[in-house]
Amino acid sequence: MSLSLCLSLSLSLSLSLSLSLSLSLSLSLSLSLHSGAFSEVVMAREKTTGKMVAVKCIPKKALKGKETSIENEIAVLRKIKHENIVALEDIYESPNHLYLIMQLVSGGELFDRIVEKGFYTEMDASRLIKQVLNAVNYLHDMGIVHRDLKPENLLYYNPHDEAKIMISDFGLSKMEGTGDVMATACGTPGYVAPEVLAQKPYSKAVDCWSIGVIAYILLCGYPPFYDENDSKLFEQILKADYEFDAPYWDDISDSAKEFISSLMEKDPEKRFTCDQALAHPWIAGDTALCKNIHESVSRQMRKNFAKSKWRVGSIRTMIGFCVCLLYLSTSSICICQPSLSLSPSLPPLPASSLFSLPASSPSLPPLPPFPLSLPASSPSLPPLPPSSEWNHM
């Protein structure tokens, strides 16, 4: 079971406006709300509206030397508004932390949902990729390159079967035309375009390559490039050395293969743009097959992405559990007993007027102490500072 800590906090933010949030801190490696190397993502509820949001908490000390990166991410997020892109709703800062208030997406990651399905076809994959293409096409029209498109950054908006796909994580995104030539080797191995690895100047075409890789995986369950040795993996990518292997691709349409090949074209000048991909018959027409390929694809996904992706229990169930606790609790402080204890412990919550129980709610018995910790690579969350120390950005 996942380690979950749900805390209901009231944050009085006094400037030209006042915002009251009920924060739910979910510290878990197995949730979409997760611990990263430089930040924590926590779940929150706005008390006045009951609206659920996600809060990305970034220690300022972790930003030293990386100020330009976070400024770029914020600039990009403030510029964009699209139905398939996770939105930045607000920003706050304290003396020691930066808090990005993000749209909450609770449907879980792309591969999780596919594996959970009992029926999955080319048509399903086509619809998924069409949503990604529409969002990335919007970004490209805005002069923005994502640079880190991968399945982990594609989330479902909610747990419903027909939920839309949302693109997240703009930490590596870049705005074209800022005077800087894009040549930095960044992204995730396995999804980066050949020109990135070759350390050549590149363009928004790198996103189209990544979409091709994602489409490939969606139709067979395994990546087009793989080797335990990074240098050999990069060599495969540099050569665009991939195949549509039998028997995994025997039941996949020629139209799908043509579509993928047009995106995974080694030469970025010949590679499909998002506009061209959206006009392809596999996306815009009726060439995507409706044959059930779930058994083969899900088996390969479990096999090839098992090292970090597949969990006992559903991501959606855990998030839903935390959301229910927030709504059902009558107190200002709600703590879920964890099933896993680690160390070192989180610092105690400060004694402050920020933390109080409503007059109508019964007193809560004291909770037994238990050790908590974050992964070694992830910073501990400090006590929230007094409201007078908060600034609205």
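Predicted model: local features only at pLDDT ≥ 70, side-chain atom pairs only at ≥ 80, totals over all residues.
Trainee: Let me step back for a moment. How many helices and strands does the protein have?

Mentor: There are 11 helices and 10 strands. Of the 393 residues, 53% are buried. The protein exposes about 18400 Å², and 54% of that comes from carbon and sulfur atoms.

Trainee: Back to rings, then. What describes a pair of aromatic rings?

Mentor: You look at the distance between the centres and the angle between the planes. In this model the count is 11 aromatic pairs. Take Tyr 242 and Phe 244: their ring centres are 5.9 Å apart and their planes meet at 85 degrees, so this pair is edge-to-face. Tyr 242 counts as buried at 15% relative accessibility, while Phe 244 is partly exposed at 25%.

Trainee: And why is the pair of Phe 259 and Trp 282 called tilted?

Mentor: Because their planes are at 35 degrees, with the ring centres 5.1 Å apart. Phe 259 sits in helix α7 and Trp 282 in helix α9, so the pair ties together parts 23 residues apart in sequence. Phe 259 is buried at 0% relative accessibility, and Trp 282 is buried too, at 1%.

Trainee: Which residues do ring pairs link into a cluster?

Mentor: The cluster holds Trp 209, Tyr 216, Tyr 222, Phe 225, Tyr 242, Phe 244, Tyr 248 and Trp 249.

Trainee: Phe 225 makes me curious about its other neighbours. Where is Gly 190, which is in contact with Phe 225?

Mentor: Gly 190 is in the loop between β9 and α4. With a relative accessible area of 11%, Gly 190 is buried. Setting aside neighbours within four places in sequence, Gly 190 touches Val 213, Phe 225, Leu 233 and Ile 237. Across the protein, 71% of the contacts with a separation of 6 or more are between residues 24 or more positions apart.

Trainee: Now strands. How do side chains lie along a regular strand?

Mentor: They alternate between the two faces of the sheet. For a pair of strands here, look at β4 (residues 88-93) and β5 (residues 97-103): they run antiparallel, joined by five bridges. A hairpin of three residues connects β4 to β5.

Trainee: Last one: how do I read the sides of a helix, and which residues of α10 are buried?

Mentor: An α-helix has 3.6 residues a turn, so residues three or four places apart point the same way. In α10 (residues 294-304), the buried residues are His 294, Val 297, Ser 298, Gln 300 and Met 301. They span an arc of only 165 degrees around the axis, which means they are on the same side of α10. Glu 295 and Lys 303 are exposed on the other side.

Trainee: What covers the buried residues of α10?

Mentor: The cover includes α2 (110-116) and α5 (205-220).

Definitions and conventions
Residues numbered from 1 in each chain as written. Heavy atoms only, no water. Helix = DSSP H or I, 4+ residues; strand = E, 2+ residues; numbered from the N terminus. Buried < 20%, exposed > 50% of the residue type's maximum accessible area, 1.4 Å probe, protein only. Contact = heavy atoms within 4.5 Å. Areas by Shrake-Rupley, 256 points an atom, 1.4 Å probe, with all protein chains shown as cover. Phe/Tyr/Trp six-rings, centres within 6.5 Å; stacked < 30°, edge-to-face > 60°. Pairing = 2+ DSSP bridges. Arc of directions from axis to C-beta.
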